[in-house]
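These are review notes on the model shown below. Please read them with the coordinates open.

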Amino acid sequence: SWGWGVEIEKLDYHHYLPLFFDGLCETVHPYEFFARQGIHDMLEHGGMKILPVIPQLIIPIKNALNTRNKQIICTTLKVLQHLVVSADMVGEALVPYYRQILPVFNIFKNVNGVLYCQF
């Protein structure tokens, strides 16, 4: 079972959150599980610690999307959905980076403009 050795709130978000985001490119178990679970746990408990780390998350997000792997893109999309609701102003903080992270989605949408992911 999954468990943290310390309280999540006490983790250094500038170090660990980008590290887990780097793991978005993983497709092999258990690495992909640890990356995903680490991200979601930290976003769930991070509060105001998340916003200052946003600039450090852009390259890992972009790298994950640029794999062109549908599984990784869907996982990254789910993480982005969680990220924008994780703390105040996170959605707004992502706006300057839209040009870097949105174009990849155009490649994977179908003729109706939808990217199919199972959540």
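**Notes on the model**

1. His82 is buried, at a relative accessible area of 17%; buried means under 20% relative accessible area, exposed over 50%, and partly exposed in between (1.4 Å probe, protein chains only). The residue sits in helix α4; helices (H or I, at least four residues) and strands (E, at least two) are DSSP runs, numbered from the N terminus. The side chain of His82 makes a polar contact with the side chain of His40, at 2.7 Å. A polar contact is a pair of N or O atoms within 3.5 Å; within protein, one must be able to donate a hydrogen and the other to accept it, and residues adjacent in sequence count only if both atoms are side-chain atoms. Leaving out residues up to four places away in sequence, His82 touches His40, Leu43 and Glu44, where contact means heavy atoms within 4.5 Å.

2. On the basis of these values: this is a predicted model, in which local features need pLDDT of at least 70 and side-chain atom pairs count only at pLDDT 80 or more, while totals for chains, interfaces and linings use all residues. Residues are numbered from 1 along each chain as its sequence is written, and side-chain values use heavy atoms, with hydrogens and water left out.

3. Overall content. The protein chain has seven helices and zero strands. Of its 119 residues, 39% count as buried. Among contacts between residues at least 6 apart in sequence, 77% join residues at least 24 apart.

4. Helix α2 covers residues 31-46, which makes 16 residues. From first C-alpha to last it reaches 22 Å, close to the 22 Å expected at 1.5 Å a residue; the expected span is 1.5 Å times one less than the number of residues. Its buried residues are Glu32, Ala35, Gly38, Ile39, His40, Asp41, Met42, Leu43 and Gly46. They pack against α1 and against α4, residues 70-86. Gly47 follows α2 and has a positive phi, near 55°.

5. Which residues of α1 are buried? They are Tyr13, Leu17, Pro18, Phe20 and Phe21. Because these residues cover an arc of only 160° around the axis, they lie on the same side of α1; the arc is that of the directions from the helix axis to the C-beta atoms. Their cover includes α2, α3 and α4. At the start of α1, a side-chain oxygen of Asp12 comes to within 3.0 Å of the backbone nitrogen of His14.

6. Tyr13 belongs to helix α1, residues 13-22, and is buried at a relative accessible area of 3%. Its side chain reaches the backbone oxygen of Met42 at 2.7 Å. Not counting residues up to four places away in sequence, Tyr13 touches Ile8, Pro18, Met42, His45, Gly46, Lys49, Ile50 and Val53. The C-alpha atoms of Tyr13 and Gly46 are separated by 7.8 Å, although the two residues are 33 apart along the chain.

7. The largest nonpolar core has 30 residues, and Phe21, Ile54 and Leu83 have the most contacts inside it. Such a core is a set of buried Ala, Val, Leu, Ile, Met, Phe, Trp, Tyr and Cys residues joined through side-chain atoms within 4.5 Å. At least two residues of this core come from each of α1, α2, α3 (54-65), α4, α5 (90-94) and α7 (103-108). Helix α3 gives the most, with six residues. Apart from neighbours within four places in sequence, Leu83 is in contact with Phe21, Leu43, Ile50, Ile54, Leu57, Ile61, Val90 and Leu94.

8. How many salt bridges does a search of the whole structure find? The search finds two, a salt bridge being a side-chain nitrogen of Lys or Arg within 4 Å of a carboxyl oxygen of Asp or Glu. Glu7 forms one with Lys10, the closest N and O atoms being 3.5 Å apart. Glu7 is partly exposed, at 47% relative accessible area, and Lys10 is exposed, at 62%.

9. Glu32 forms a salt bridge with Arg36, with the closest N and O atoms 2.2 Å apart. Both residues lie in helix α2, four residues apart, about one turn of the helix. Glu32 is buried, at 15% relative accessible area, whereas Arg36 is partly exposed, at 29%.
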